[in-house]
Amino acid sequence: MTSPIAASPDPRLLFPALARGFAEHFGTGATPRVFFAPGRVNLMGAHLDYNGGPVLPTAVDRGTLILAAPRPGRRVRLACLREGEGLEVDLERLPMARTGAWSDYPLGVLREVLELARARGCLDRTGGLDLYFGGNLPVGAGLSSSASICVGTALALDRTWGLDLAPMDRVHAALRAERGFVGVQCGIMDPYAVGLARPEHLLWLDCKDAAYEHLPLDPTAFSIAVADSGVRRELAAGEFNRRVAECDQAFGRLAPHAPDAICLRDVPWDVFLEHRADLEPVLARRVEHVLREVERTFAARSALLAGDIVGFGRLIQAAHGSLRDLYEVSCRELDRIVEDALACSGVFGARLTGAGFGGCAVILVRKGAEEELAERLTRGFHATFGREVPLWFFRGDEGPRELEV
Ligand code: GLA
């Protein structure tokens, strides 16, 4: 069995393959500009963003690369290294409906950025483009490949058209694209985490009022690992929207008893306890997760600021149990990874990250204990599922940017 530890390659190393793909697909000699946007992991505050709660994500050093070159006229061509299917659209007649293909994401952003250009009176700066996508972030694995592609597209369009948008304009264009055109009822966490990334920091984001702050991480205290369960659920978007709907429904039932609450996160414990029996058991489980996760996330912030990594890790661990039992978004593979990780003496905490239903787990491990963790995860996972579990330790990332290649 090979060691599953992999370092993330510099995203610029992906450029030659993408440049070849770009030239072959579009058949032009144009020299594209290159843009990069990272993915993210969330350490605390699972399924809280759309409930108005706090979250604690950070960007990872893997993400999406976008090659962009202007072309005459007003047609935009989109293509991708991973998928054969490309798409050509006319800026004057952009498609109104999604198709379910990967191109829905950049297309949704194209619509939003064009709208911004129109609203600011600089439509004349927009024009034909060739856009080619690739990257090293596993897709549908809870690392926000969708926000990475959306925020990256917004940056590529902004820079190649010279629109001079603010980072927050791009973050919101990405968010509107995903909620509107793509149709996932996601909260604000992912595009904020990608768009506001800072290395060696977690982003403390209160999703009720979008107030944020960067909390420093001590890189000498621990490493952060991501282990990929390899499980991808086609139904994930549907299940995710169902959780959002369940929380909306529960809030609708509790809100009359909590007049000051503007989102589920605001519902006081005693109100929930008093009316718990009136809720269907499944709704009560969802609310309990949300209210407890809010408390845990505030406690995690205090632990982090106090340098209490053991305490921080315990909260991460408790979050996984809650996601498994109350929110019901884990799976056997993720539970196995978390269980094996926690059996290592150097691990402070482990939990699934992202929406769940498969995807990745995030693990906080003491410096020097990385090999022990890798060995134990490899052995345990292989014994049960007959395959390896990709694991990598990341450095964090400085956020969306143009790359010099
Ligand atoms: C997905 C969504 C996020 C967030 C997480 C769960 O990644 O895109 O907005 O809700 O799930 O915390």
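**Close-up views of a predicted model**

**View 1. Helices α2 and α4.** The axes of α2 and helix α4 (residues 167–182) come within 8 Å and cross at roughly 125 degrees. That makes α2 oblique to α4, a class left for angles that are not under 35 degrees (roughly parallel), over 145 (roughly antiparallel) or 65 to 115 (roughly perpendicular). The crossing of α2 and α4 is right-handed: the near helix is turned clockwise from the far one by less than a right angle. Axes are lines fitted to C-alpha atoms over the stretch in contact, with angles from 0 to 180 degrees between N-to-C directions. Helices are DSSP runs (H or I, at least four residues) numbered from the N terminus.

**View 2. Helices α2 and α3.** Helix α2 spans residues 104–119 and helix α3 residues 145–161. Their axes come within 9 Å, crossing at roughly 40 degrees. So α2 is oblique to α3. This crossing, too, is right-handed.

View 3. A polar side-chain atom of Asp 190 lies 2.7 Å from a ligand oxygen. Polar backbone atoms also face ligand oxygens: one of Gly 187 at 3.2 Å, and one of Ala 355 at 3.4 Å. The protein covers 92% of the 310 Å² of accessible area that the ligand has on its own (Shrake-Rupley, 1.4 Å probe).

**Notes.** The model is predicted; local features need pLDDT of at least 70, side-chain atom pairs count only at pLDDT 80 or more, and totals for chains, interfaces and linings use all residues. Residues are numbered from 1 along each chain as its sequence is written, and side-chain values use heavy atoms, leaving out hydrogens and water.

Terms used. Polar contact = N/O pair within 3.5 Å; in protein donor to acceptor, adjacent residues only side chain to side chain. Helix = DSSP H or I, 4+ residues; strand = E, 2+ residues; numbered from the N terminus.
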